[in-house]
Amino acid sequence: MKMCIACGMPMTSIGDYPLHDMSKNYCKHCAHKDGTMKSFDEKWHELTLHYANHHNVDYAIAKQNAYTILKKLPAWKRKW
Ligand SMILES: [Zn+2]
């Protein structure tokens, strides 16, 4: 089973892949409508909002936590 390199989500069915393309290493949540992968900044922003909503923490803290989470994923490890 593959894991999304950009968010860590397990990709268990073809529906999890962008445009149902199983050769991709990232999931549909990490892809634009045309199937290309989102940037670090886009994912960072998304995850920050998600984190702030679900964990009820300050935006600044959510942003820091989101950064820590993303940095552990293969897609972003070597970039920063
Ligand atoms: Zn993903």
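Lysine 24 forms a salt bridge with aspartate 21, and their closest N and O atoms are 2.9 Å apart. The model is predicted, and a total of 3 salt bridges is counted in it. A zinc ion is held by four cysteine donors, namely Cys4, Cys7, Cys27 and Cys30.

**Salt bridges**
- Side chains of opposite charge can pair when their charged atoms come close.
- Lysine 24 is partly exposed at 23% relative accessibility, and aspartate 21 is also partly exposed, at 25%.
- Lysine 38 pairs with glutamate 46, with 2.6 Å between the closest N and O atoms.
- Lysine 38 counts as buried at 15% relative accessibility, whereas glutamate 46 is partly exposed at 31%.
- Glutamate 46 also meets the side chain of lysine 43 in a salt bridge of 2.9 Å, N to O.
- Lysine 43 and glutamate 46 are separated by about one helical turn, because they lie 3 residues apart in helix H1.
- Through shared partners, these salt bridges join Lys38, Lys43 and Glu46 into one network.

**Surroundings of lysine 43**
- Lysine 43 belongs to helix H1, which spans residues 40–55.
- Lysine 43 has a relative accessible area of 6% and therefore counts as buried, the limit being under 20%.
- Among the residues that lysine 43 touches are Cys7, Cys30, Leu70 and Trp76.

**Zinc site**
- The SG atoms of the four cysteines lie 2.2 to 2.3 Å from the zinc ion.
- The site is tetrahedral, with angles of 105 to 114 degrees among its 4 donor atoms.
- Ideal angles for four tetrahedral donors are 109.5 degrees.
- Along the chain, the donors follow the spacing C-x2-C-x19-C-x2-C.
- Cysteine 7 is partly exposed at 30% relative accessibility, whereas cysteine 27 is buried at 0%.

Technical notes. Residues numbered from 1 in each chain as written. Predicted model: local features only at pLDDT ≥ 70, side-chain atom pairs only at ≥ 80, totals over all residues. Heavy atoms only, no water. Helix = DSSP H or I, 4+ residues; strand = E, 2+ residues; numbered from the N terminus. Buried < 20%, exposed > 50% of the residue type's maximum accessible area, 1.4 Å probe, protein only. Contact = heavy atoms within 4.5 Å. Donors = N, O, S within 2.8 Å, 3.2 Å for Na, K, Ca; no water. Tetrahedral: all angles 85-135°; square planar, octahedral: opposite > 155°, others 65-115°. Salt bridge = Lys/Arg side-chain N within 4 Å of Asp/Glu carboxyl O. Lists of a residue's contacts leave out its neighbours within four places in sequence.
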